[in-house]
Amino acid sequence: MDGMTVTDSAYATTAPAAAVTTCAQPLVHPRPTGQDRYTISEVVAATGLSAHTLRWYERIGLMPHVDRSHTGQRRYSNRDLNWLDLVGKLRLTGMPVADMVRYAELVRAGEHTFPEREELLTAHREDVRRRIAELRGTLAILDHKIDIYADARRASERA
């Protein structure tokens with residue numbers, strides 16, 4: 001478990017240490033596992049998400065059950081921070097909320113849903129790759145236009 005990444009299992013298991021490795025960079029937790037009881041305002045500060053968004057994620061089933069204090073206040077864990085990090089990455093890729101909720105449902109359902117999770121993520125990856133290709137083409141057009149204006153500016157400066 002020491003090499004756990006923020007993937008399917010991050011949602012279902014507790015991280016073994018204060019830093020969890022993602023594909024890109026380690027997610028450093030403010031507190032070590034076992035001492036990781038964050039208030040909603042601490043999670044807002046750590047993630048940049050609003051309290052309203054965190055409550056909405058929980059309401060629509062995108063967040064797992066969040067523990068509560070004896071007074072009923074939400075108490076988030078490092079595992080929850082890992083999940084929010086993954087959700088943030090999925091959002092950045094443009095995954096529809098309905099697909100993220102479906103993915104969360106599959107994760108909660110257990111390991112027997114690995115094939116469905118793989119299928120969902122594979123289809124989304126193809127969408128991301130298509131959008132990246134489209135953006136590269138758009139960037140090439142922008143670069144071309146910028147070059148035209150830069151050439152015109154340099155020509156007028158020489159004149």
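Predicted model: local features only at pLDDT ≥ 70, side-chain atom pairs only at ≥ 80, totals over all residues.
**Helix packing, a pocket and a buried threonine**

Let me begin with the helices: α2 and helix α3, which spans residues 51-60, pack at an angle of about 105°, and their axes lie 9 Å apart. Because angles from 65 to 115 degrees count as roughly perpendicular, α2 is roughly perpendicular to α3. On the α2 side the contact is made by I40, V43 and V44, while α3 brings A51, L54 and R55 to it. Sorted by class, the contact of α2 with α3 has five nonpolar residues, one charged residue and no polar ones.

From there I turn to the second largest pocket, which holds about 230 Å³ of space. Its lining consists of 14 residues, and those closest to the pocket centre are A46, T47, L81, L84 and D85. The elements that give two or more residues to this lining are β2 (26-28), α2 (40-47) and α4 (78-92), so named in order from the N terminus. Which element gives the largest share of the lining? That is α4, with six residues. In terms of class, the lining of this second largest pocket has nine nonpolar, three polar and two charged residues.

My last item is T113, which is found in the loop between α5 (97-109) and α6 (114-158). Is T113 buried or exposed? Its relative accessibility is 2%, and since buried means under 20%, T113 counts as buried. Leaving aside residues up to four places away in sequence, T113 touches L106 and V107.

Technical notes. Residues numbered from 1 in each chain as written. Heavy atoms only, no water. 1 Å grid on protein atoms, 1.4 Å probe; cavity = no way out; pocket = protein on both sides within 12 Å on 5 of 7 lines; lining within 4 Å. Points joined across faces, edges and corners; volume = space filled by probe spheres on them. Helix = DSSP H or I, 4+ residues; strand = E, 2+ residues; numbered from the N terminus. Nonpolar A, V, L, I, M, F, W, Y, C, P; charged D, E, K, R; others polar. Axes fitted to C-alpha atoms, helices over the stretch in contact; angles between N-to-C directions. Parallel < 35°, antiparallel > 145°, perpendicular 65-115°, else oblique. Contact = heavy atoms within 4.5 Å. Buried < 20%, exposed > 50% of the residue type's maximum accessible area, 1.4 Å probe, protein only.
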